[in-house]
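I opened the model today and kept notes as I went.

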Amino acid sequence: MTQIPTLDANTILPRSRKVRVLATLGPASNTPEMIATLFQAGADAFRVNMSHGDQASKVGVIRAIRDMEARFNRPTTILADLQGPKLRVGKFAGGRVVLETGSTFVLDHDQTPGDATRVRLPHREIFAAIEPGARLLLDDGKLVLRVTDHDADRIVTTVEVGGALSDNKGLNVPDVVVPMAALTDKDRSDLAFAIEQGVDWIALSFVQRPEDLAEARRLIQGRAALMAKIEKPAAIERLEEIVELCDGVMVARGDLGVELPPQSVPPLQKRIVETARKMGRPVVVATQMLESMIQSPSPTRAEVSDVATAIYDGADAIMLSAESAAGAWPVESVAMMNAIGDAVERDPAHGDRIHFTVTRPDPTTADALAEAAKNIAATVSASAIICFTTSGSTARRIARERPAVPILVLTPSRDTARRLGLLWGTHNVTTRDVESFEEMVAKAKRIALRQGIAKAGDSVIVMAGVPFRTPGSTNVLHVVRIIGDELKGYKGPDAA
């Protein structure tokens, strides 16, 4: 069994790995004690799933994360995952029927309980969008219907793959874009609640097109970062446009694997990760990563290989769902993710594999300096790249280059420090802003020593923008050597 390190509350240790671990909280893990234990086991960020439980139950969970954050003095990321529009069939007389392969089955607006020939479908948008030949998938793809005819009130199908079907089972429409709003009334309420509670990221489910992001953007009003969950085939067709309009991307392989053949998911995962990396957006790979650990204290070898593949591809974060939320081994699941990350990144081939994706810099000073920082760090064997940032854009540019050394992010903004918790390779510290070049260098060296990022005799690269306190002005790259006595006699505070 993986050993869980015990951290002193006064010790702030950067993770030895660069990929981030995002752990979902739920009945198995939402107490203050468990949240702290998951952090010690390796969780860098926490997902609050708005699909389960009520808002009142989430207040204590979010407060517990913030209390843990204060205890360890480490900015901690909270992602609120909205449920999104769930398509479901109605109820059956008796609660359950069996659909025979080859039979005809009708979906309609009739509220009478269904039988083996028909059932209510309470989503008028589907009737308007559906086309003959399109598939309808029921109960996570276990049953498959093929549309033969339709009008405004009925969709007639042939059952291609039959089986048992019970009340309110989910329905997927993979072959057409259903003109439904990406946000339901529940989502709007949950989004407002999450923003009020101070979460750092909002994850939008079932994004199909760039327009789906617009309302969420308007409601968030810059108070959190927006993550698009890619789980619909339609989203793949406009992937670059969607990535351009969001702050981060999640490869939600569960629903993606329902609506597409399973063998299609791995290449799509690589394409989504590559696209997000090229466009400088953090990307999370999620769903069924260590699924067997819901019940077992050890994963399968195939699951470990799956997680490792995402890390080799350069994903910013890897996510646990039910494994940490409702499984029997939540701490062990997080510890295993942490151990896999450490092992993969110690592989001498990791550095080459992670750069299979070529991330060409945009023609800006900031991008040119970020690429230069990666190369200089390798040439002079620097211990870290230290960047001063207000908005986080400098850190994102550097992380896109996937340098071989840690990225120490110094920011006066607590919100920025928290949002960067899903960004590859960063260790984020809130600190007062600097007024001069000399103060910038001195502060960078002190915090690098205090955080254990560098030691006496090490070289570090410092990046910032002059004039200071001007977001988006990154134009300075400076290589400095740490003497080791920078903390002697210094009594002023660095932390904000």
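**Entry 1: charges and ground rules.** I looked up the charges of the chain: 59 are positive and 62 negative, and their mean positions lie 5 Å apart. I counted Lys and Arg as positive, Asp and Glu as negative, and left out His and the chain ends. I placed each charge at NZ of Lys, CZ of Arg, CG of Asp or CD of Glu. The model is predicted, so local features need pLDDT of at least 70 and side-chain atom pairs pLDDT 80 or more, while totals for chains, interfaces and linings use all residues. Residues are numbered from 1 along each chain as its sequence is written, and side-chain values use heavy atoms, without hydrogens and water.

**Entry 2: overall form.** I checked the radius of gyration next. A compact globule of 496 residues would have a value near 23 Å, and the chain agrees with 24 Å. That radius is taken over C-alpha atoms, and the globule rule is 2.2 Å times the number of residues to the power 0.38. The C-alpha atoms fill a box of roughly 80 × 45 × 45 Å along the principal axes. I found 17 helices and 21 strands. These are DSSP runs (helices H or I, at least four residues; strands E, at least two), numbered from the N terminus.

**Entry 3: surface and contacts.** Of the 496 residues, 56% are buried. Buried means under 20% relative accessible area, exposed over 50%, and partly exposed in between (1.4 Å probe, protein chains only). The chain exposes about 20,200 Å², with 51% of it from carbon and sulfur atoms. The areas come from the Shrake-Rupley method with a 1.4 Å probe, and for residues only the protein chains shown count as cover. I then turned to contacts, meaning heavy atoms within 4.5 Å. Among those between residues at least 6 apart in sequence, 68% join residues at least 24 apart.

**Entry 4: the cores.** Which residues have the most contacts inside the largest nonpolar core? I get Phe46, Ile202, Leu204 and Ile318, in a core of 73 residues. Helix H12 (residues 330-346) gives the most to this core, with seven residues. Apart from it lies another core, of 26 residues, including Ile126, Ile130, Val147 and Val176. A core here is a set of buried Ala, Val, Leu, Ile, Met, Phe, Trp, Tyr and Cys residues joined through side-chain atoms within 4.5 Å. In soluble globular proteins, nonpolar side chains tend to be buried together.

Entry 5: Beyond four places in sequence, Leu204 touches residues including Leu82, Ala182, Leu213 and Leu226. Leu226 sits in strand E13. Its relative accessible area is 0%, so Leu226 is buried. Among the contacts of Leu226, again beyond four places, are Trp201, Ile202, Leu204 and Cys246. I also took the C-alpha separation of Leu226 and Ala80: 10.0 Å, for residues 146 apart along the chain.

Leu22 lies in strand E1 (residues 20-25). Leu22 is buried too, at 0%. Phe46, Val284, Ile318 and Leu422 are among the residues it touches, leaving out those up to four places away.

**Entry 6: helix H15.** How many of the eight residues of H15 (residues 393-400) are buried? I count six, so the helix is mostly covered. They are Ser393, Thr394, Ala395, Ile398, Ala399 and Arg400. Their packing partners include helix H9 (265-278), helix H14 (365-380) and strand E21 (474-481). Just after H15, Arg402 takes a positive phi of about 50°.

Entry 7: Most residues other than glycine have a negative phi. I noted two more exceptions. Phe206 has phi near 55°, in the loop between strand E12 (201-204) and helix H5 (212-220). Gln221 has a positive phi of about 55° and lies in the loop between H5 and strand E13 (225-230). Are they buried or exposed? Phe206 is buried at 11% relative accessible area, whereas Gln221 is exposed at 60%.

**Entry 8: Thr287.** Thr287 is in the loop between strand E15 (283-286) and helix H10 (301-312). Its relative accessible area is 18%, so Thr287 is buried. Beyond its neighbours within four places, Thr287 is in contact with Ala252, Arg253, Gly254, Met319 and Ser321. Its C-alpha atom is 9.9 Å from that of Met250, 37 residues away along the chain.
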